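Open the structure in your viewer and keep the sequence panel beside it. The tour goes from one selection to the next.

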Amino acid sequence: SKFQELLPEIKLIIPKAVYDSNRSGNKLPICVKDFIQNGIKEIKTADDFRNFAMKFEAVIGFANLRNN
């Protein structure tokens, strides 16, 4: 399926998040990195991805509200 073709690219978000959380300067907070890493590890189906995406959007939206 198309989703199974895209799954490896989705999984590549994990090392990108880890790299960014380890950078000095303007880095990704560890709690956000952990959220991304744990959530993406659980993705096996398109429905899993949709569920994670909805949670991710909510977390980022909340974080943006708190920072304004």
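Select Lys33 first. Lys33 is buried, because its relative accessible area is 14% and buried means under 20% (exposed is over 50%, partly exposed in between; 1.4 Å probe, protein chains only). This lysine belongs to helix H3, residues 30-41. Helices here are DSSP runs of H or I with at least four residues, strands are runs of E with at least two, and both are numbered from the N terminus. This is a predicted model: local features need pLDDT of at least 70, side-chain atom pairs count only at pLDDT 80 or more, and totals for chains, interfaces and linings use all residues. Residues are numbered from 1 along each chain as its sequence is written, and side-chain values use heavy atoms, with hydrogens and water left out.

Now show what surrounds Lys33. Neighbours within four places in sequence aside, Lys33 is in contact with Ala17, Val18, Ser21 and Leu28, where contact means heavy atoms within 4.5 Å.

Go to Ser21 next, in helix H2, residues 13-22. Is Ser21 buried or exposed? Ser21 is buried, with a relative accessible area of 3%. With neighbours within four places left aside again, the contacts of Ser21 are Lys27, Leu28 and Lys33. Look also at Val18: its backbone oxygen is 2.9 Å from a polar atom of the Ser21 side chain.

Then select helix H1, residues 2-11, together with H2. The axes of H1 and H2 come within 4 Å and cross at roughly 10 degrees; axes are lines fitted to C-alpha atoms, for helices over the stretch in contact, and angles run from 0 to 180 degrees between N-to-C directions. To see the contact, pick Glu9, Ile10 and Lys11 of H1 and Ile13, Ile14 and Pro15 of H2.

For the aromatic rings, select Phe35, Phe52 and Phe56, which ring pairs link into a cluster. Rings of Phe, Tyr and Trp (its six-membered ring) pair if their centres lie within 6.5 Å; planes under 30 degrees apart count as stacked, over 60 as edge-to-face and the rest as tilted. The whole structure holds 2 aromatic pairs.

Finally, show the whole protein. There are 4 helices and 0 strands, and 22% of the 68 residues count as buried.

Key
A polar contact is a pair of N or O atoms within 3.5 Å; within protein, one must be able to donate a hydrogen and the other to accept it, and residues adjacent in sequence count only if both atoms are side-chain atoms.
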